[in-house]
Amino acid sequence: MDFDVIIIGGSYAGLSAALTLGRSTRNVLIVDAGKPCNRHTPHSHNFLTHDGDRPADIAKVAKAEVLKYPTVKFLEGKVISARRIDAGFTIGIENAGSFTTRKVLLATGLKDTLPDIKGLAACWAISAIHCPYCHGYEVKNEKIALLMNGDHAFDMAKNLHLWNKDLTILTNGKSGFTAEQSEKLKSKSISILEEEVIELEHQNGQLQHIVFKNGGKRAFKAIYIKPEIKQHINFNEQLGFELTDLKTIKVNEQQQTTASGVYAAGDCTTLFRSLSFITATGTMAAVMINKELISDDF
């Protein structure tokens with residue numbers, strides 16, 4: 001085998017795993033395509049010692065720390081194939097050939113698919129946000145919109161009411177709330193608008209107004225949305241692991257997938273995408289991979 005472990009994805013989870021494996025003297029290859037999920041985010045929050053730092057800056061420091069370990073290698077490239085062989089796996093990389101490995105760690109993140117609304121992509125991760133624990137403090141006590149509907153919108157509004165009392169739910173069509181939910185929202189002075197949203201007016205990604213199909217528009221400081229998610233890779237069929245109903249990679253408490261020898265960590269395994277949590281999953285995966293390698297060799 002060329003490597004003990006190949007890590008597909010070199011952001012927080014992948015780098016965290018590589019650090020632990022490098023300190024365990026394992027031969028590791030990190031393959032990264034250079035498109036992290038949070039590349040549009042100007043500041044990271046709720047991450048000890050790095051609160052308010054740029055995600056790219058945190059990753060740059062992390063990469064330098066990891067590559068101090070001589071058994072860890074980093075390759076910029078796109079993985080295009082992954083298949084099982086008798087002794088492990090072979091991983092094909094675009095314009096770089098293929099490498100063999102005993103174990104595989106998937107740390108490929110998720111791809112966010114946004115609604116087709118003018119201006120939304122430019123505001124994404126700046127003033128169009130998805131997580132109050134990542135972004136809520138910066139827009140607390142401001143006038144906030146929620147572009148969502150039904151049970152998810154109700155639960156999100158309930159949570160956001162801690163940070164923002166001036167909340168408006170934009171259902172972007174007919175409301176999907178039950179009568180009980182609508183009454184509860186009304187009792188908390190949370191508005192519901194059913195008008196279709198057609199545009200987010202902004203200045204350099206900072207939301208100014210939300211424009212509706214009926215010609216009206218309203219001013220908001222930020223808007224919470226729930227993007228559709230997709231996996232960056234489709235190796236579940238090649239490697240034989242399962243996905244959950246939420247389209248994340250199914251793992252156990254040790255970050256092992258349902259396919260032997262294949263582990264996963266980070267955003268690709270969970271919708272709770274806090275950096276501290278994501279980093280911890282990388283460490284857990286690395287410890288369990290190393291433990292499995294030790295058992296294989298002992």
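Student: Is Arg54 buried, partly exposed or exposed?
Tutor: In this predicted model, the relative accessible area of Arg54 comes to 43%. Buried requires a value under 20% and exposed one over 50%, so Arg54, at 43%, belongs to the class in between and is partly exposed.

Student: With which residue does Arg54 form a salt bridge?
Tutor: The closest N and O atoms of the pair are 2.9 Å apart, and a salt bridge requires such atoms to be within 4 Å.

Student: Which parts of the chain does the salt bridge between Glu228 and Lys247 tie together, and how many residues apart are they in sequence?
Tutor: The closest N and O atoms of Glu228 and Lys247 are 3.9 Å apart, and Lys247 is partly exposed, with a relative accessible area of 43%. Glu228 belongs to strand E16 (residues 228–231), whereas Lys247 sits in the loop between helix H7 (236–239) and strand E17 (262–264), so the bridge ties together parts whose separation in sequence is 19 residues.

Student: Which residues are joined with Asp4 into one network of salt bridges?
Tutor: Asp4 is buried, with a relative accessible area of 12%, and it forms a salt bridge with Arg102 in which the closest N and O atoms are 3.6 Å apart. That pair links distant parts of the chain, since Asp4 is in strand E1 and Arg102 in strand E6 (residues 97–106), 98 residues apart. Through salt bridges that share partners, the network joins Asp4 with Arg102 and Asp297.

Student: Which element gives the largest share of the largest nonpolar core?
Tutor: This core has 26 residues, and those with the most contacts inside it include Leu21, Ile30 and Ile289. Among the elements that give two or more residues to it are strand E1 (3–8), helix H1 (12–23) and helix H8 (275–297). The largest share, seven residues, comes from H8.

Student: Which residues does Leu21 touch, leaving aside those up to four places away in sequence?
Tutor: Contact here calls for heavy atoms within 4.5 Å. With that cut-off, the residues that Leu21 touches are Val5, Ile7, Arg26, Val28, Ala286, Ile289 and Asn290.

Student: Why is one side of strand E12 and of strand E14 left without a neighbour in the sheet?
Tutor: The open sheet has three strands in the order E12-E13-E14, paired antiparallel, and the twist from one strand to the next averages 25°. Strand E12 (197–203) and strand E14 (217–219) each have a single partner strand, so the reason lies in their position, which is at the edges.

Student: Which residue in E13 is the bridge partner of His202?
Tutor: E12 and strand E13 (residues 206–212) run antiparallel and are joined by six bridges. For His202, the bridge partner in E13 is Leu207.

Student: Is Glu76 buried or exposed, and what is its relative accessible area?
Tutor: Glu76 lies in strand E3 (residues 72–76), and, not counting residues up to four places away in sequence, it touches Asp32 and Lys63. Because exposed requires over 50% relative accessible area, Glu76 counts as exposed, its value being 65%.

Technical notes. Residues numbered from 1 in each chain as written. Predicted model: local features only at pLDDT ≥ 70, side-chain atom pairs only at ≥ 80, totals over all residues. Heavy atoms only, no water. Helix = DSSP H or I, 4+ residues; strand = E, 2+ residues; numbered from the N terminus. Buried < 20%, exposed > 50% of the residue type's maximum accessible area, 1.4 Å probe, protein only. Pairing = 2+ DSSP bridges. Axes fitted to C-alpha atoms, helices over the stretch in contact; angles between N-to-C directions. Core = buried A, V, L, I, M, F, W, Y, C linked by side-chain atoms within 4.5 Å. Salt bridge = Lys/Arg side-chain N within 4 Å of Asp/Glu carboxyl O.
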